[in-house]
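Thanks for coming, everyone. Let me put the structure up, and then we will walk through it helix by helix.

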Amino acid sequence: MTIQERAETAANYKKTGVCNCCQAVTKVFADTVDVDEATLMKMSAGFAAGMGCMEATCGSLIGATMIAGLKTQGQGTPRFSKEILAAFKEKSGATICKELKGIGTGKVLCECDDCVRNAVLSLAEVLGE
């Protein structure tokens, strides 16, 4: 599967309600890491509506960072996390869920399915996939 196909599949998981944002990102990479899909889904279940129910980091960005940690065996993950965050912010306009959704401003910066797509693409860019 190409990275574009992964990004579209992940966006579709979110759009159709199969997964929350974090789960959509982790699920689409299940075949590339040493953690089974059921465990990935459980690990990422708490990040629906981002970290803390829209108060902090977008769930899709959290999912991308989780996968980066698995793919790099934890080696250099903080640096990769910083780079993923920067790439995601450039694509999406923010990294905090409520800012992305326009809570308080009324201006939506990025819809959830696009955030998921952007997280997958950002992860791939940073890891050179």
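Which helix does Arg6 lie in? Arg6 lies in α1. Before going on, some ground rules. This is a predicted model, where local features need pLDDT of at least 70 and side-chain atom pairs count only at pLDDT 80 or more, while totals for chains, interfaces and linings use all residues. Residues are numbered from 1 along each chain as its sequence is written, and side-chain values use heavy atoms, with hydrogens and water left out. Helices here are DSSP runs of H or I with at least four residues, strands are runs of E with at least two, and both are numbered from the N terminus.

Back to Arg6. Is Arg6 buried or exposed? Arg6 counts as buried, because its relative accessibility is 8%. Buried means under 20% relative accessible area, exposed means over 50%, and partly exposed is in between, using a 1.4 Å probe and protein chains only. Leaving aside neighbours within four places in sequence, Arg6 is in contact with Met1, Val28, Phe29, Asp31, Thr32 and Val120. Contact means heavy atoms within 4.5 Å.

Next, α2. Eight of the eight residues of α2 are buried, so this helix is largely enclosed by the rest of the structure. Those buried residues are Cys21, Cys22, Gln23, Ala24, Val25, Thr26, Lys27 and Val28. What covers them? The cover includes α1, α3, α4 and α7. Look at the start of α2 as well. There, a side-chain oxygen of Asn20 reaches to within 2.9 Å of the backbone nitrogen of Cys22.

Now two packing partners of α2. Take α1 to begin with. The axes of α1 and α2 come within 8 Å and cross at roughly 145°. Axes are lines fitted to C-alpha atoms, for helices over the stretch in contact, and angles run from 0 to 180 degrees between N-to-C directions. The α1 and α2 crossing is right-handed. A crossing is right-handed if the near helix is turned clockwise from the far one by less than a right angle, and left-handed if anticlockwise. On the α1 side we have Arg6, Thr9, Ala10, Tyr13 and Lys14, and they meet Cys21, Ala24, Lys27 and Val28 in α2. By class, that contact has five nonpolar residues, one polar and three charged. Nonpolar covers Ala, Val, Leu, Ile, Met, Phe, Trp, Tyr, Cys and Pro; charged covers Asp, Glu, Lys and Arg; the others, Gly among them, are polar.

Then α7. The axes of α2 and α7 are 9 Å apart, and the two helices pack at an angle of about 35°. This crossing is right-handed. Cys21, Ala24, Val25 and Val28 in α2 meet Cys112, Val116, Ala119 and Val120 in α7. The classes here are eight nonpolar, no polar and no charged residues.

Stay on α7. Val120 lies in this helix. Val120 counts as buried, because its relative accessibility is 0%. Not counting residues up to four places away in sequence, Val120 touches Ile3, Arg6, Ala7, Ala10, Val25, Val28 and Phe29. Arg117 is also found in α7. With 19% relative accessibility, Arg117 counts as buried. Apart from neighbours within four places in sequence, Arg117 is in contact with Ala7, Glu8 and Ala11.

In soluble globular proteins, nonpolar side chains tend to be buried together. A nonpolar core is a set of buried Ala, Val, Leu, Ile, Met, Phe, Trp, Tyr and Cys residues joined through side-chain atoms within 4.5 Å. How many residues are in the largest one? It has 31 residues, and Val25, Phe29, Ile84, Phe88, Leu100, Val120 and Leu123 touch the most other members. At least two core residues come from each of α1 (3-15), α2 (21-28), α3 (37-43), α4 (59-71), α5 (77-92) and α7 (112-127). The largest share, seven residues, comes from α7. Leu123, leaving aside neighbours within four places in sequence, is in contact with Phe29, Ala64, Ile67, Ala68 and Ile84.

One last stop: the loop between α4 and α5, where Gln73 lies. Gln73 is exposed, with a relative accessible area of 60%. Gln73 has a positive phi of about 55°, although it is not a glycine. Most residues other than glycine have a negative phi.

Methods: A polar contact is a pair of N or O atoms within 3.5 Å; within protein, one must be able to donate a hydrogen and the other to accept it, and residues adjacent in sequence count only if both atoms are side-chain atoms.
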